[in-house]
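Subject: Structure for your review

Dear colleague,

Please find below the structure that I am handing over to you, followed by an account of what was found in it. I would be grateful if you could read the two side by side.

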Amino acid sequence: MTHTYQVNGMTCNGCVNKVKIELLKLVDILKVELQLDYPQATITMKKHIATDKLQQAISKAGHYTITDVDSMMDHEEPGENERDSYYPVFLIFGYIAGASLLIQLVSGQFSTVQWMSHFMAGFFLVFSFFKLLNVKAFAEGYQTYDLVAKAFPVWGFIYPFIELLLGILFLTGFYPLGTNIVAFFVMGVSSIGVVKSLLKKSRFQCACLGTIIKLPLSKVTLFEDLLMVTMSAIMIIRSF
């Protein structure tokens with residue numbers, strides 16, 4: 001039997017070799033395939049080995065963590081189960097869209113730019129909240145697929161605070177042009193990492209809502225990023 005796991009903490013090929021050696025020491029493991037760029041381990045074993053036992057093994061090599069990707073994804077193709085797992089995201093988007101539309105209704109006139117600004121404020125504030133519940137876990141998960149976080153791990157720790165700041169700036173309307181430019185580039189770069197992961201068909205946990213709510217990385221993740229990029233681009237254009 002073969003299972004896929006996500007391994008966090010590896011920073012070089014030396015780490016890959018150390019983790020692989022410790023895993024192969026387990027009697028029932030026949031083959032281990034590890035990759036650094038997208039830190040996944042494909043393990044072939046005689047009989048199923050509990051993830052806790054695998055964690056004990058790789059802990060001997062250093063501060064590495066291993067997560068069973070297969071159990072999280074349940075070997076399902078995107079479909080009804082994936083839609084169910086993304087229900088929290090759809091619900092959050094519904095609440096934010098409804099609240100921002102209600103603000104327009106109360107004001108007595110509809111402004112597309114103002115609605116988008118309030119929507120983005122809600123998006124960044126809510127999504128940063130979930131990330132800030134466990135910044136370290138978010139940073140480790142984000143590093144598995146984000147280009148900047150891969151090169152500079154500290155970015156994963158800074159990113160939730162960038163989202164929080166953007167939420168506050170959009171909410172208060174402070175320097176809208178500069179705020180939209182920052183949002184455009186931050187979300188644009190983030191979407192590139194998601195695209196690369198999807199093209200490689202790599203399976204990771206989406207870090208958009210931190211690690212409190214477990215979500216698979218999919219086209220829904222890309223839609224979130226591109227929606228923010230599109231809205232910020234529209235508001236940048238309208239500023240001139």
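Throughout this message, contact means that heavy atoms lie within 4.5 Å. In that sense Met-228 touches Phe-119, Met-120, Phe-123, Phe-124 and Met-187, with residues up to four places away in sequence not counted.

The model is a predicted one: local features need pLDDT of at least 70, side-chain atom pairs count only at pLDDT 80 or more, and totals for chains, interfaces and linings use all residues. Residues are numbered from 1 along each chain as its sequence is written, and side-chain values use heavy atoms, with hydrogens and water left out.

Overall picture

The secondary structure of the chain comes to eleven helices and six strands; helices (H or I, at least four residues) and strands (E, at least two) are DSSP runs, numbered from the N terminus. Taken along the principal axes, the C-alpha atoms fill a box of roughly 70 × 35 × 30 Å. Of the 240 residues in the chain, 46% are buried, where buried means under 20% relative accessible area, exposed over 50%, and partly exposed in between (1.4 Å probe, protein chains only). Among contacts between residues at least 6 apart in sequence, 69% join residues at least 24 apart.

The nonpolar cores

A nonpolar core is here a set of buried Ala, Val, Leu, Ile, Met, Phe, Trp, Tyr and Cys residues joined through side-chain atoms within 4.5 Å. In soluble globular proteins, nonpolar side chains tend to be buried together. The largest core in this model has 39 residues, of which Phe-119, Phe-124 and Met-228 touch the most other members. Two or more residues are given to this core by each of helix 5, helix 6, helix 7 (135–142), helix 9 (154–172), helix 10 (176–199) and helix 11. The largest share, nine residues, comes from helix 6. A second, separate core of 21 residues includes Tyr-5, Met-10, Ala-61 and Tyr-64.

Met-228, already mentioned, is placed in helix 11 and is buried, with a relative accessible area of 0%. Met-228 and Gly-94 are 134 residues apart in sequence and 15 Å apart in space, C-alpha to C-alpha. Phe-124, leaving aside its neighbours within four places in sequence, is in contact with Glu-163, Leu-164, Leu-166, Gly-167, Phe-170, Ala-183, Met-187 and Met-228.

Glu-163

One of the contacts of Phe-124 is Glu-163, a residue of helix 9. Is Glu-163 buried or exposed? Glu-163 is buried, its relative accessible area being 2%. Beyond residues up to four places away in sequence, Glu-163 touches Phe-124, Phe-127, Ser-128 and Lys-131. Its side chain reaches the backbone nitrogen of Ser-128 at 3.5 Å.

Helix 5

Helix 5 (residues 87–107) has 21 residues and reaches 30 Å from its first C-alpha to its last, close to the 30 Å expected at 1.5 Å a residue; the expected span is 1.5 Å times one less than the number of residues. Its buried residues are Val-89, Ile-92, Phe-93, Ile-96, Ala-97, Ser-100 and Gln-104. Seen down the helix axis, these buried residues fall within an arc of 125°, so they line one face of helix 5; the arc is that of the directions from the helix axis to the C-beta atoms. The cover over them includes helix 6 (112–132), strand 6 (215–216) and helix 11 (219–238). The face turned away from the buried side carries the exposed residues Tyr-87, Tyr-95, Leu-105 and Val-106. Helix 5 is followed by Gly-108, whose phi is positive, near 90°.

Salt bridges

The structure holds four salt bridges, each a side-chain nitrogen of Lys or Arg within 4 Å of a carboxyl oxygen of Asp or Glu. Three of them are described here.

- Lys-25 pairs with Glu-22, the closest N and O atoms being 3.2 Å apart. Lys-25 is exposed at 56% relative accessible area, whereas Glu-22 counts as buried at 13%.
- Lys-31 and Glu-33 meet at 2.9 Å, N to O. Lys-31 is partly exposed at 45%, and Glu-33 is partly exposed at 40%.
- Lys-136 pairs with Glu-140, with the closest N and O atoms 2.7 Å apart. Both lie in helix 7, four residues apart, about one turn of the helix. Glu-140 counts as partly exposed at 26%.

Yours sincerely

Conventions. Polar contact = N/O pair within 3.5 Å; in protein donor to acceptor, adjacent residues only side chain to side chain.
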